2 protein chains.
Amino acid sequence: MPASFLDATTLPALLRAAHQQPGIPGTPGNRVPVWFMRQAGRSLPEYKEVRGEGTILNVIADTDRATEITLQPVRRYGVDAAILYSDIVTPVWAVGFGIDITPGVGPECEEPFSSAADLQRLRPLEASEDLPFQAETIRNVVAQAGVPLIGFAGGPFTLASYLVEGKPSRTYTKVKALMFGQPDLWHKLSDVLADIAIATLTAQVEAGASMVQLFDSWAGALRPEHYTEYVLPHSTKILAAMGELGVPRTHFGINSGELLGLMADAGADVVGVDWRTPLSIARARTGGRVALQGNLDPAITTGTWAVAQTETLRVLADNDGHPGHIFNLGHGVMPESDPGVLKQIVELVHEEGSC
Amino acid sequence: MPASFLDATTLPALLRAAHQQPGIPGTPGNRVPVWFMRQAGRSLPEYKEVRGEGTILNVIADTDRATEITLQPVRRYGVDAAILYSDIVTPVWAVGFGIDITPGVGPECEEPFSSAADLQRLRPLEASEDLPFQAETIRNVVAQAGVPLIGFAGGPFTLASYLVEGKPSRTYTKVKALMFGQPDLWHKLSDVLADIAIATLTAQVEAGASMVQLFDSWAGALRPEHYTEYVLPHSTKILAAMGELGVPRTHFGINSGELLGLMADAGADVVGVDWRTPLSIARARTGGRVALQGNLDPAITTGTWAVAQTETLRVLADNDGHPGHIFNLGHGVMPESDPGVLKQIVELVHEEGSC
């Protein structure tokens, strides 16, 4: 929806900032919105109480627990967004690719993707049949949260990296070997993953998500020329489909300082910035055409409030009152993050941030 | 040594490029120099023949094997530099900190650095007594290599990260906690590590190293403000000491796109650039005041020659004939790298590179 059609006096802060609309004094949206990637989960004691044993994919598929876990950080922190409790591999798990999330490790595949034959394990996603729990969780959360819900999906490179490497990787050797060595197969795989992402996100929006985030967390492992050739067309397709649904789109990765302009060009309304790139530099690189999300170093949230206060104010100062700022960490909340510090960060951003 | 005092007609290509001197047709230095980080070691079959069992620290301390291993890639590839076969943790191992290199894992400490008391395990390095094998290996190599030898040491953040985390880390949570939470102790630790680096590098230069590289490989985990406050003063001290010895200094890290200007300002003659940042962008960010080293994606060296050829030419084209270019990978050679491809890269750079 073009920003000019929006009524800025009633927009929640998250959506106001996504559209780069200045805050209007006296309206609810007149504050810097703040939420945290991975705000739900391991860092919260109340999560551990409902988590149970086994793979988190079973928790994600249990709408009662997923609803509760999604709402926990909204209650505790007073953040400006809920984000669906799920994982980027949920859709490929649901279509039967053969992937699980191993506690303490991450996504693992017994048989990684290695040839065209493996495309057969990635049939099209029918969200209503394959992910029925997702829509129900979203409807439950939206009824209770009082803030917008963000839907999400994995970006092509990041999701492919798990399927091809078969586990988390530091070097992405196998997925790059596929990309450079078998570009036709790479593009087929990415196109299939893009369609799965579109089906996932569309169902999320239809169920009530007000905004979506494409997590291409590891795309920063690529130099700009390779990102442009191998990833950008597929991300563009996903974000274009979301544009037709009228929801703001955030595009995120880490180590992506050199890709920020390209990630904006893919059709984002908001670009997520990791902590390495000051927002002022990120804004110059994206030419002001997108809002920015970020970018406190997550490690800061494991320490004292005194340091976190200084660093939160540093991020706000670096943004310099630009209305297109969604405060967040530069990557996810860590298992060692202090929920007390996170809560104080939310309060400080709401008190001191200007928009 | 100021570049104006150098005779460019006799300088080896490595040093000519480090001083950003244009190539002079008909002289030996008139080519783009190329070497590879981790060119010695796991990727070479001839290395596996002499490697033996146990920790590589024992191999490093065995001058016969270390000399042979250092020379192997020079013979095989025809690279423009030898680099001492050693590890950034060798000096702290030699002073008895309590660290080892676990095969398949990396540096590990049974008792990581956690308080001021641990400074006692980092006594000053007496290179002639603690690292006698180092000087002997260098003298042996210099007598036989026919190309300059590069010495090296670990940068303060990277070395501290191993001591504090006790093992390789993806998030650097503990070392950042020390840095942000106990800045006085951080600076004491870094100063001790800087002194150890200076003693190490000084001994290397006295033994015959023609150039030094400071590997602060993981410093890119920090945003520029934190790098400036916590790391830059210590790196500057190290590089200033090397400047007094008159050898060119390379300063390297990965994920360091936002730090390139600062890493130049630390007193480098050459800044190493990982594959994420095109050299043209790196040159703009460093204002042309340093030479650049890099920056082919190491993953490319695990694939076909056809792809490696295209990508090598891309890096050369991006450098656009600037005389201050030392061709290298953006990070180290991988265990899966193909020595045949590496050899062809050397030949192509020598044939097609212009300086």
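This report describes the sheets, the interface between the chains, the salt bridges and some backbone features of a predicted model.

Residues are numbered from 1 along each chain as its sequence is written, and chains are lettered from A, with ligands numbered from 1, in the order in which they are written. Because the model is predicted, local features need pLDDT of at least 70 and side-chain atom pairs count only at pLDDT 80 or more, while totals for chains, interfaces and linings use all residues; side-chain values use heavy atoms, with hydrogens and water left out.

## The sheets

Helices (H or I, at least four residues) and strands (E, at least two) are DSSP runs numbered from the N terminus, and two strands pair if DSSP finds at least two bridges between them.

In chain A, seven strands form an open sheet with parallel pairing, in the order β1-β4-β5-β6-β7-β8-β9. Strands β1 (82-83) and β9 (325-329) of chain A stand at the edges with a single partner strand each, so one side of each is left without a neighbour in the sheet. Within this sheet, β4 (residues 149-154) and β5 (residues 211-215) of chain A run parallel and are joined by five bridges. A:G151 has A:V212 in β5(A) as its bridge partner.

Chain B also holds an open sheet of seven strands with parallel pairing, ordered β1-β4-β5-β6-β7-β8-β9. Its edge strands are β1 (82-83) and β9 (325-329) of chain B, each of which pairs on one side only. Strands β5 (residues 211-215) and β6 (residues 249-252) of chain B run parallel and share four bridges; B:L214 is partnered there by B:H251 in β6(B). Helix α15 (residues 305-319) of chain B lies across β8 (291-296) and β9 of chain B, at about 150° to β9(B). For that angle, axes are lines fitted to C-alpha atoms, for helices over the stretch in contact, and angles run from 0 to 180 degrees between N-to-C directions.

## The interface

With contact meaning heavy atoms within 4.5 Å, 36 residues of chain B touch 36 residues of chain A. The buried area, which is the accessible area (1.4 Å probe) that two parts lose on being put together, summed over both, is about 3000 Å² between chain B and chain A, and carbon and sulfur atoms give 49% of it.

Four salt bridges cross this interface, a salt bridge being a side-chain nitrogen of Lys or Arg within 4 Å of a carboxyl oxygen of Asp or Glu. On the side of chain B that touches chain A, the elements giving two or more residues are α9 (173-181), α11 (224-230), α14 (279-285) and α15 of chain B. The largest share, five residues, comes from α15(B).

## Salt bridges

Over all chains, the whole structure has 32 salt bridges. Two of the pairs are tabulated here.

| Salt bridge | N to O distance |
|---|---|
| B:E258 and A:R285 | 2.7 Å |
| A:R289 and A:D265 | 2.6 Å |

## Backbone features

The peptide bond from A:G294 to A:N295 is cis, with omega near -5°, and A:N295 belongs to strand β8 of chain A. In chain B, a cis peptide bond joins B:G294 and B:N295, with omega about -5°; B:N295 lies in strand β8 of chain B. B:N255, a residue other than glycine, has a positive phi near 55° and is located in the loop between β6 and α13 (260-265) of chain B.
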